[in-house]
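The sequence and structure come first.

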Amino acid sequence: MIFKPHPVFQRYPAELIKETKYDMIRSERLLPGDSLAFSLPVTDPEGEYYKLYGWGALNIFVKPGSVIIIDYNNREREKSTFSGDLAEENAWLNQDWFLGYGMLYPGQFTPETTYKEYRRQVYFNADSLKRVVKNTFHPGKFVNDCCLRVDFMAVHTLLNYYQNLVQRRQSEYSPADFEAWHAGFKNTSFSREFLKNARKLYKRYKEQDVLQYIQVSRLLANIVHDIEPDFAKQIGYTLFEEEYALMQVLNDVTRLYSLELLEFRERVKDPVVSRVVEEHVADKRNLLAGMEAMDFEFEDAGGNLHKLSDYKGTPMFIDVWATWCNPCKALAPVFHELARQYEGKNIKFVAVSIDKKAAPWKSYLNAHPHAGNVLEWHAVNKKFQEAYRISGIPRFILIDKNFKIRMAFAYRPGMKELATLLDKICWE
């Protein structure tokens, strides 16, 4: 797999995620001329799929021994070009309509369009597309898999009938009127007909064949979340339950860095999901709740050095911010007001600036009043940001009196959950 030189690859490492759930492949070397080369493991002689992860939904179909050259367009990914082996197949997979599901949408859609008419047009488009696939490529895995994807694209498009109407009604109705409409709509023939179509399709295929594609897994997750929570159980998809539960954890940092991740590891049966959990545990171990806090040195406005461990025995609520961060400065008064409310209680409030230079930080402190019980520090060691995964600010960290992580991604000031947690940690 060779990516031709492109500015995007000078900024980011390339990552490919195997479409069979979560197997990730990272590149480790550059070829002369800054082309990026991958060697991808392929065990199925009929071919396997990968997806470019991070920049856009670029699909790649590979076979053992094939050499694929990609001129990747990161701004308009559907305009990426392919040469070498399997060029025609990969060009097909990366058309704009395939990446965005747009090909199957009815030509005309208004709030007055009935679900029956919408569905008729979607299936007409899907059947036409499958005929094109079968007439374009030789029969085999690629053709069968493209037809499978088109089938699920159709169901995804049917689900969008509901999602589009919800968006329209939310903008047109008052909250009370919308709730009334929504309750009635989900009890109409839409739910019955849509679920009937979805059940019929999912039962046509084996669970492993369906879940190997991330887009299809996400469709199933949307059905479970939006329409029918028990849908996966109704169609007998047991592997999906673990994958869905993991997705819920991975998408919530307050859960991802909690003991729940360790507990999740103990009850997973699916080996692929289990491997993903183990990778996350290993990757995030130092920030999981209950782990010893990593110690770093900071400087106050007077040039004195302090360590987090200097305050061991007292809980610490840390605000990581910078003077160039407008959201940080907007939230600062709330943080300082919270500190005033807890003045005299068993907790320290610490504001850690990650400004590259101390001068703008000191200037800001002089111009803005702050609570007396807030320790104002500047991060002199940039490894602090790396160790605590400070990729976005404002960021809040809560450390308990035993110098252990309580929440690496803590609730923001002003949230009710935070007040409850701080009250609890002060009395422990």
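The count comes to one disulfide, taken as a pair of cysteine sulfur atoms within 2.5 Å. C325 and C328 form that link, with their sulfur atoms 2.4 Å apart. The link of C325 and C328 is right-handed, with 80° about the S-S bond.

The model is predicted: local features need pLDDT of at least 70, side-chain atom pairs count only at pLDDT 80 or more, and totals for chains, interfaces and linings use all residues. Residues are numbered from 1 along each chain as its sequence is written, and side-chain values use heavy atoms, with hydrogens and water left out.

**Cysteines**

Buried means under 20% relative accessible area, exposed over 50%, and partly exposed in between (1.4 Å probe, protein chains only).

C146 is buried, with a relative accessible area of 1%. C426 also counts as buried, at 11% relative accessibility.

**Aromatic pairs**

A pair of aromatic rings is described by the distance of the centres and the angle of the planes. Rings of Phe, Tyr and Trp (its six-membered ring) pair if their centres lie within 6.5 Å; planes under 30 degrees apart count as stacked, over 60 as edge-to-face and the rest as tilted. By this rule there are 26 aromatic pairs. Two of them are tabulated here.

| Pair | Centre to centre | Angle of planes | Class |
|---|---|---|---|
| F178 and W181 | 5.9 Å | 35° | tilted |
| Y311 and W377 | 5.8 Å | 40° | tilted |

Helices (H or I, at least four residues) and strands (E, at least two) are DSSP runs, numbered from the N terminus. F178 and W181 both lie in helix α5 (residues 175-186). They are three residues apart, about one turn of the helix. Both F178 and W181 are buried.

Y311 and W377 link distant parts of the chain, 66 residues apart. Y311 is in the loop between β10 (305-307) and β11 (316-321), and W377 is in strand β13 (residues 374-379). Y311 is buried at 19% relative accessible area. W377 is buried at 1%. One aromatic cluster is formed by F296, F298, Y311, W377, F384 and Y388.

**Charges over rings**

A charge sits over a ring if NZ of Lys or CZ of Arg is within 6 Å of the ring centre and within 35 degrees of the ring normal. The charged end of R149 sits over the ring of Y49, 4.5 Å from its centre. K345 lies over the face of Y342, 5.0 Å from the ring centre.
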